[in-house]
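Let's take a walk through this protein together. Have the sequence and the 3D view ready, and follow along as we go.

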Amino acid sequence: MVGDRVHTFDSGLQPVVELRRSTLWTEDTTQDPALQHYLVPRHALGNLAPMRLLPEQTVLVESDSAEALHDDPFALVPVSALEGYRGITRVVPQQPTEIISIGFAEEEIVYANGSALVHCACLGKETATPEEMMLSGGHNVYPKLSAAALAQLVVFLHREEAGPPALQDQAARSVAAE
């Protein structure tokens, strides 16, 4: 609710200043990839239960690769770029889906569904609907990586997930032997 205080990554408890609810789904939108959801399995991003996010919803990931590539262990990544990472998959909505957007006085990263870190834009009167904000990508105070840097980071995230190179080589030999 507006006025509730939410735990943020950088700013402690911050009050919600705006809350928008809308329904995203019609038979026409199920075929539009920009309006399909991503299913984030339990624990994939620190979430305690499975959750669904829209493609351009950005999440903050922490990784050794991000630090090695960009001198910062944290990176904002749209969930669509994480498809396949830790089981994150695109799903076609089968029924009306309620979209809830929360806004703060400033942009914030909030803890969601446990310790998943989700970016929340500063919703303003210039943003007509959550859908328009999602499709436009919005404006972010938190820096975003270029497309090339994002692609490189995602490759390294997958490699991190696979384990050290020696373990990757061992796993490849095991698969080849079968």
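Is Phe74 buried, partly exposed or exposed? Keep in mind that you're looking at a predicted model. Phe74 comes out as partly exposed, because its relative accessibility is 27%, and that falls between the 20% that marks the limit for buried and the 50% that marks the limit for exposed.

Searching the whole structure turns up two aromatic pairs. In one of them, Phe9 and Phe74 sit edge-to-face, with ring centres 5.1 Å apart and 65 degrees between the planes. This pair ties together distant parts of the chain: Phe9 is in the loop between strand 1 and strand 2, while Phe74 belongs to strand 7, 65 residues away. Phe9 is partly exposed too, with a relative accessible area of 26%.

Phe9 also pairs with Tyr111, and here the arrangement is tilted: 6.4 Å centre to centre, with 55 degrees between the planes. Again the link spans distant parts of the chain, as Tyr111 lies in strand 10, 102 residues from Phe9. Tyr111 has a relative accessible area of 32%, so this residue counts as partly exposed.

Now let's turn to charges. Side chains of opposite charge can pair when their charged atoms come close. How many salt bridges are there in this model? The count is three.

Arg20 and Glu18 make one of them, with their closest N and O atoms 2.7 Å apart.

Another salt bridge joins Glu98 and Arg21, at 3.0 Å from N to O. Glu98 is in strand 9 and Arg21 in strand 3, 77 residues apart, so to speak a link between distant parts of the chain. Glu98 is partly exposed, at 47% relative accessibility.

Then there's Arg86 with Glu161, at 2.8 Å from N to O. Arg86 sits in the loop between strand 7 and strand 8, and Glu161 in helix 3, 75 residues apart. Both count as partly exposed, Arg86 at 40% and Glu161 at 42%.

One last stop is on the surface, where Glu62, Asp64, Glu67, Asp71, Asp72 and Glu160 gather in a patch of negative charge. Among them, Asp64 is found in helix 1. Asp64 counts as exposed because its relative accessibility is 62%, and exposed means over 50%.

Methods: Residues are numbered from 1 along each chain as its sequence is written. This is a predicted model: local features need pLDDT of at least 70, side-chain atom pairs count only at pLDDT 80 or more; totals for chains, interfaces and linings use all residues. Side-chain values use heavy atoms; hydrogens and water are left out. Patches are made of residues with over 30% relative accessible area and no salt bridge: like charges are joined within 9 Å, nonpolar side chains (Val, Leu, Ile, Met, Phe, Trp, Tyr) within 5 Å. Accessible areas come from the Shrake-Rupley method with a 1.4 Å probe; for residues, only the protein chains shown count as cover. A salt bridge is a side-chain nitrogen of Lys or Arg within 4 Å of a carboxyl oxygen of Asp or Glu. Lys and Arg count as positive and Asp and Glu as negative; His and the chain ends are not counted. The place of a charge is taken as NZ of Lys, CZ of Arg, CG of Asp or CD of Glu. Helices (H or I, at least four residues) and strands (E, at least two) are DSSP runs, numbered from the N terminus. Buried means under 20% relative accessible area, exposed over 50%, partly exposed in between (1.4 Å probe, protein chains only). Rings of Phe, Tyr and Trp (its six-membered ring) pair if their centres lie within 6.5 Å; planes under 30 degrees apart count as stacked, over 60 as edge-to-face and the rest as tilted.
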